[in-house]
Amino acid sequence: MSNIPKDNPGGKSGGRAILWMIPRSISTAFTKCMSGIPGCEVWMEPFGFCHFALNELEKLGIKDKPMSYDGHEELFKKVAETMEKYMPGVTYFPDRLPFVTIKKDLEESSSKYVFVKDESVAMPTDQRRQFIPKGYQHAFIIRHPLLVYKSMRKRWFAQLQESGMLKFNETDESSFDLRLYAKEDGVDAVFQQHHDLWTYIRDYVTPSPLVIDSSALLTNPAPVLREFCQAVGFPYSESLLQWSGSPEVAKSWKWAGDNMYKNEAFLGVSMYSTHFTPPTAVPAWEEVTDDVRELAEKAMPYYEDMLKHRFIE
């Protein structure tokens, strides 16, 4: 049984929403779109980075992993330094890595509107889910597993190559096997954890969390955005269909560190986007690499169940 009470969406100052995502699901472009709402405070995967921080604590041999910053400042400073090796040029803020801090900051925000893009993998247990902030409506974005893992394979290789962390003697992208990193990085379980959190939110927080099909969003964005904004208490206008191609807008977002918006390996295309473009065709199963096919097959039941509940087809 959850210790999180059912909650009503919307804060006192306006609409508040969390878009829970899986990697490579068009969520960053969606975030740029939401930046066009006047007075909207945007957070970029705050709990996701708390999750990565706990993973690093585990690698450091810390069994009793702290959830709060107070009294553990030096530990989070050390974790921030170890996390920086994955993203050259990034400096993490240690005080934005504990779950307690993020919950408090999100609940106490005085902004008229608050939009949070975050990773469902950050909330796999009740111990974590107690930090889901009150006063927020919840949405989940989904994308076909073949498209997700095909894109993920390309971007994971680029990120690991850039950071010098390839470790299975890969010589180029053709020799890269995402499955070798799947367990360690959790990429094999993202759809299951996405589905688990969606079920949890539906059962214990709000009965009708939104499910957004990325293909529907890309094919006909206006009705999807209109319905989303209405559901979460954001103002909608046609101006949301177009935005600046400059990544500079991301400087105003709330990140876990400095210069994170410059991470070209994962964010490059989305950061220079100006609008939603027609969706990529889903490849045939026989056209993808073995690692993509195996990971996608495992993910399909979770994707198909959530797809049944999308609010616009």
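**Basis.** I noted that the model is predicted, so that local features need pLDDT of at least 70 and side-chain atom pairs count only at pLDDT 80 or more, while totals for chains, interfaces and linings use all residues. Residues are numbered from 1 along each chain as its sequence is written, and side-chain values use heavy atoms, with hydrogens and water left out.

**Aromatic rings.** I took rings of Phe, Tyr and Trp (its six-membered ring) as a pair if their centres lie within 6.5 Å, with planes under 30 degrees apart counted as stacked, over 60 as edge-to-face and the rest as tilted. By this rule I have 15 aromatic pairs. For burial I used relative accessible area (buried under 20%, exposed over 50%, partly exposed in between, with a 1.4 Å probe and protein chains only). F228 counts as buried at 1% relative accessibility, and F234 counts as buried at 5%.

**The sheet.** I took helices (H or I, at least four residues) and strands (E, at least two) as DSSP runs numbered from the N terminus, and two strands as paired if DSSP finds at least two bridges between them. I found an open sheet of 5 strands in the order β2-β4-β1-β5-β6, with parallel pairing. At its edges stand β2 (40-44) and β6 (210-213), each with a single partner strand, so one side of each has no neighbour in the sheet.

**Strand β5.** I then followed β5 (residues 137-142), which pairs with β6 in the parallel sense over 4 bridges; there F140 has V211 as its bridge partner, and I141 stands opposite I212. Towards β1 I again found 4 bridges and a parallel run, with A17 opposite Q137. Is β5 mostly covered or mostly open? I found 6 of its 6 residues buried; Q137, A139 and I141 point one way, whereas H138, F140 and I142 point the other way.

**Helix α8.** I listed V190, F191, H194, H195, L197, W198, Y200 and I201 as buried in α8. With contact taken as heavy atoms within 4.5 Å, the buried residues of α8 pack against β1, α5 (126-129), β5, α6 (145-162), β6 and α12 (290-307).

**Charges over rings.** I counted a charge as over a ring if NZ of Lys or CZ of Arg is within 6 Å of the ring centre and within 35 degrees of the ring normal. R129 lies over the face of Y200, at 4.3 Å from the ring centre, and R202 lies over the face of W198, at 4.2 Å from the ring centre.

**Backbone.** Most residues other than glycine have a negative phi. I noted I26, in the loop between β1 and α1, for its positive phi of about 75 degrees; at 19% relative accessibility I26 counts as buried. E45, in the loop between β2 and α2 (46-59), has a positive phi near 50 degrees and counts as buried at 11% relative accessibility.
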